[in-house]
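Here is a short note for a colleague who is opening this structure for the first time. Please read the points with the model on screen.

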Amino acid sequence: MRWRGFIHQSTDLAALDEAMTGGRVVAYLGFDATASSLHVGSLLQIMLLRHFQRLGHKPIVLVGGGTTKVGDPTGKDASRQLLDSDTISANIDGISKVFSKFLKFGDGPTDALMVNNDDWLSPLQYLSFLRDYGRHFTINRMLSFESVKQRLARESPLSFLEFNYMILQSYDFLELNRRHGAILQFGGSDQWGNIISGVELGRRVDGVQLYGLTAPLLTTADGKKMGKTADGAVWLNADLLSPYEYWQFWRNTADADVSKFLRIFTELPLERIEELEKLEGAKINDAKIVLADEATRMLHGDDSLAQIRATAAALFSSEGGSTASLRRVILSPSEVEEGVPVIDLFISLELGKSKGEIKRLIAGGGAKMNDEKISDPALSVSMESFASGSEIKLSAGKKRHGIVELSK
């Protein structure tokens, strides 16, 4: 696990290692429901749970139906927008889909379990909760943690509601130990203060030995946070990001990140990874394709790869192929007869976020229709545009494409 790059900090690594080699350990990792899908920045944590299960231990996925009502202030300059219960419930449904692709759920001793902390946080009686657990947290100690210090140093408001988040996450750990015997909490390195607080709460209230282990917060070689690109978040749900676009994200990995990503986001054996790490020059593209294939296979399945390769062939070779993996917009003959502004189609295909952005793309020569540059921002797609077939390919630069299809 250390060789692959999953370990950043641990409360007592030697004791934890002894516990894990001595028998089955139950560990959990929490995911708040702030969006309808997780993005690739959460994938390191999911892979950590996957490896943990494959080593014979039991992972618990905690969805934060309760803590999402508060909002984690970690790493934020401003308070998160408060979500209503219906939105949180819909987001939980959305993010829950991905876990079964990486973990085996069931009733067995190492089968994964999914829980919702709203089950125990919402019924809490506030005064009783403060009396029983609030006294174990000092303001002095809470202010010493980096996540709080950074927020205050930036002179950004930190509401009392958000300040409670640390107590609630700590209580989650205690509750999961009582209910399911969880002794280990995983998290990103930015969660270290919250995890430590949970370990201390378990010792003070129930006298139990709990452990915390954090993974590093991943950044790309250019210093950007993993999971975001210039085009937006790299979502894990196929309805927000197509399998082809997901594959393309990994295929476009910077040379300096290939080795790190092969270790973390694939299950290739050490020998194969070290072999790929030796590739240099143009040959490193072979390693990027392996990375893209392996990462996409785990999320979207083997069947998606054949379609992705056909799409890539259609886009980048003269022999043609299938464009089925690309995002598409379907227009009726009546819509096309009236004429549809090409700028609107670029936005519908999520090849840009605003008309201004698309106009700048056109002015810079980066917008194309069927591989021909678009020079007129007022251009409309008409029946004449479909003279050679029922599909039109729109491109934003060399790597982002979408299809406009004329319905029959």
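1. Surface. The protein has an accessible surface of about 19600 Å². Carbon and sulfur atoms account for 50% of that surface. Accessible areas come from the Shrake-Rupley method with a 1.4 Å probe, and for residues only the protein chains shown count as cover.

2. What kind of model. This is a predicted model, in which local features need pLDDT of at least 70, side-chain atom pairs count only at pLDDT 80 or more, and totals for chains, interfaces and linings use all residues. Residues are numbered from 1 along each chain as its sequence is written, and side-chain values use heavy atoms, with hydrogens and water left out.

3. Overall build. The protein has 18 helices and 15 strands. Both are DSSP runs numbered from the N terminus: helices are H or I with at least four residues, strands are E with at least two. Along the principal axes, the C-alpha atoms fill a box of roughly 75 × 50 × 40 Å. There are 408 residues, and 47% of them count as buried. Buried means under 20% relative accessible area, exposed means over 50%, and partly exposed lies in between (1.4 Å probe, protein chains only). Take the contacts between residues at least 6 apart in sequence: 73% of them join residues at least 24 apart. Contact here means heavy atoms within 4.5 Å.

4. Helices α12 and α13. Two packed helices are described by the angle between their axes and the distance between the axes. Helix α12 covers residues 258-265 and helix α13 covers residues 270-277. Their axes come within 10 Å and cross at roughly 165°. That makes α12 roughly antiparallel to α13. The axes are lines fitted to C-alpha atoms, for helices over the stretch in contact, and angles run from 0 to 180 degrees between N-to-C directions. Angles under 35 degrees count as roughly parallel, over 145 as roughly antiparallel, 65 to 115 as roughly perpendicular and the rest as oblique. The crossing of α12 and α13 is right-handed. A crossing is right-handed if the near helix is turned clockwise from the far one by less than a right angle, and left-handed if anticlockwise. On the α12 side, S259, L262 and R263 make the contact; on the α13 side, I273, L276 and E277 do. By class, this contact of α12 with α13 has three nonpolar, one polar and two charged residues. Ala, Val, Leu, Ile, Met, Phe, Trp, Tyr, Cys and Pro count as nonpolar, Asp, Glu, Lys and Arg as charged, and the others, Gly among them, as polar.

5. Helices α12 and α14. Which way does α12 run relative to α14, parallel or antiparallel? The axes of α12 and α14 cross at roughly 25° and come within 10 Å. The two helices are therefore roughly parallel to each other. Their crossing is left-handed. From α12, V258, F261, L262 and F265 take part; they meet I284, A287, K288, L291, A295 and M298 of α14. The contact of α12 with α14 has nine nonpolar residues, no polar ones and one charged.

6. Helices α11 and α14. Helix α11 (residues 243-251) also packs with helix α14 (residues 284-300): the axes come within 8 Å and cross at roughly 145°. The crossing is right-handed. P243, Y246, W247, W250 and R251 are the α11 residues involved. Their partners in α14 include N285, K288, I289 and L291. This contact of α11 with α14 divides into nine nonpolar, three polar and three charged residues.

7. Two buried residues. S37 sits in the loop between β2 (26-32) and α2 (43-54). S37 counts as buried because its relative accessibility is 4%. Beyond four places in sequence, S37 touches I95, W235, L236, N237 and L240. S37 and N91 are 54 residues apart in sequence, yet 7.0 Å apart in space, C-alpha to C-alpha. I403 belongs to strand β15 (residues 400-406). I403 is buried, at a relative accessible area of 1%. Its contacts beyond four places in sequence include T323, L326, V329 and L349.

8. A loop to check. N370 and D371 lie in the loop between β11 (367-369) and β12 (372-373). N370 is not a glycine, but has a positive phi of about 50°. D371 is not a glycine either, and has a positive phi of about 70°. N370 counts as partly exposed at 33% relative accessibility, and D371 counts as partly exposed at 48%.
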